[in-house]
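Student: Could you walk me through reading the strands and the confidence of this model?
Tutor: Gladly; let us look at it together.

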Amino acid sequence: MRYVLPLLFLGVAACKHPPPPTRVPVAVEVFRLARGESMSTYQTTGDIHAAVESALSFRVSGKVIERKVDVGDQVKAGELLARLDPQQQQADVAVAEASMRSAQAAFEHAEVELGRDKALFAHGAIPKAALDNSERERDAAKSALAATQASRAIARDALSFTELRAASAGVITSRTVETGQVLQAGQSAYGLADSGARDAVFQIDEATAARVRSETSIALALVDAPDVKAEGKVREIAPIVDTTNGSVRIKVRIENAPKGMELGAPIVGRLALRASATFTVPASAIATDDAGHPSVFVVDPTTNTVAVRAVTVATYESGAIVVREGLKDGDLVVARGSSLLRPGQIIRFTDGSKT
């Protein structure tokens with residue numbers, strides 16, 4: 001029995017687990033952020049449009065009996081573009097004119113009757129009531145004549161509306177009308193680009209559009225002829241984003257457009273973007289979070305642990321990335337070694353922003 005106790009202690013000692021290995025913090029390089037301002041030149045391509053583009057349509061319904069122009073044709077102000085069958089409107093004019101002639105005759109008769117009754121009343125031949133009645137009949141006839149005159153004017157206008165004419169000089173950009181087609185009033189027939197002022201129209205990304213101001217100057221040049229240049233000013237920034245491609249349309253008024261800057265010509269625009277508060281981080285610092293968004297690892301200096309922070313990228317530069325949102329002054333961002341990290345991991349680091 002005296003050998004049992006030592007053997008028991010040996011068994012207990014054999015059951016003890018070895019201590020877990022000490023975890024060594026991952027060594028990374030961090031970068032201390034300082035807010036800056038980003039001013040850059042932006043270049044994009046677009047094309048030339050008329051500053052004023054109109055949809056032309058007939059103001060009355062009817063059947064098209066003549067079409068005079070096609071897409072691409074140059075037209076003058078007031079030039080005839082198409083014509084409707086005017087038979088119905090001509091008949092309406094004839095009826096209105098007949099009604100007006102009848103009303104004119106009735107008014108003239110009432111005027112004669114009133115003049116006669118005035119003379120009779122002056123000699124005491126008729127009572128005042130008879131004179132008043134003649135005056136009322138003359139006034140009613142006058143009102144009826146005015147109504148028929150207005151109806152004739154309306155009928156004549158409707159007849160003139162059977163002819164579609166160009167509102168201004170320009171170029172026909174679209175056509176949706178054919179001879180023999182029955183059109184409803186207001187249904188589009190032609191698109192007309194005014195030959196006057198011209199715009200350069202561009203589609204730019206939303207982040208860039210946020211940095212563009214109205215009346216910002218922009219240098220313009222033709223894609224096919226870079227020597228053909230002009231200056232422009234931003235006159236309109238679309239208030240909504242195109243959901244198909246995430247872009248925003250801007251219109252630039254071309255100042256004194258030179259020869260060669262014709263409608264539809266491709267054009268290059270260069271503009272200096274306004275400064276914006278940003279942070280510049282090394283390209284190696286950018287990773288993606290679980291949702292696939294751009295992100296960085298930010299260090300908590302009190303615990304030496306890291307956390308993922310989603311960011312909004314403003315621009316990509318050579319070896320660096322400009323971040324618009326998601327960071328603040330003094331943040332410690334992992335510049336190198338982020339591929340070895342996971343959220344909450346303890347690290348040891350050197351501050352690369354001091355070297």
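Student: Which strand is joined to β6, and by how many bridges?
Tutor: Strands of a sheet pair through backbone hydrogen bonds, either parallel or antiparallel. In this predicted model, two bridges join β6 to β9 (residues 170–175), and these strands run antiparallel. Gln74 is the residue opposite Val171 in β9. Strands here are DSSP runs of E with at least two residues, numbered from the N terminus, and two strands pair if DSSP finds at least two bridges between them.

Student: Where does β6 stand in its sheet?
Tutor: The sheet is open, with four strands in the order β4-β11-β9-β6 and antiparallel pairing. β4 (53–57) and β6 (74–75) stand at the edges with a single partner strand each, so one side of each has no neighbour in the sheet.

Student: What is the order of the open sheet that contains β5?
Tutor: Its four strands follow the order β8-β7-β5-β10, again with antiparallel pairing. Here β8 (163–165) and β10 (182–183) are the edge strands. Within this sheet, three bridges join β5 (residues 62–67) to β7 (residues 80–84), and Glu66 stands opposite Arg83 in β7.

Student: What is the average pLDDT of the protein?
Tutor: pLDDT is the predictor's confidence in each residue, from 0 to 100. The protein averages 86, and 89% of the residues score at least 70. Where pLDDT is low, the predicted coordinates should not be read in detail.

Student: How are residues numbered, and what pLDDT do local features need?
Tutor: Numbering starts from 1 along each chain as its sequence is written, and side-chain values use heavy atoms, leaving out hydrogens and water. Local features need pLDDT of at least 70 and side-chain atom pairs count only at 80 or more, while totals for chains, interfaces and linings use all residues.
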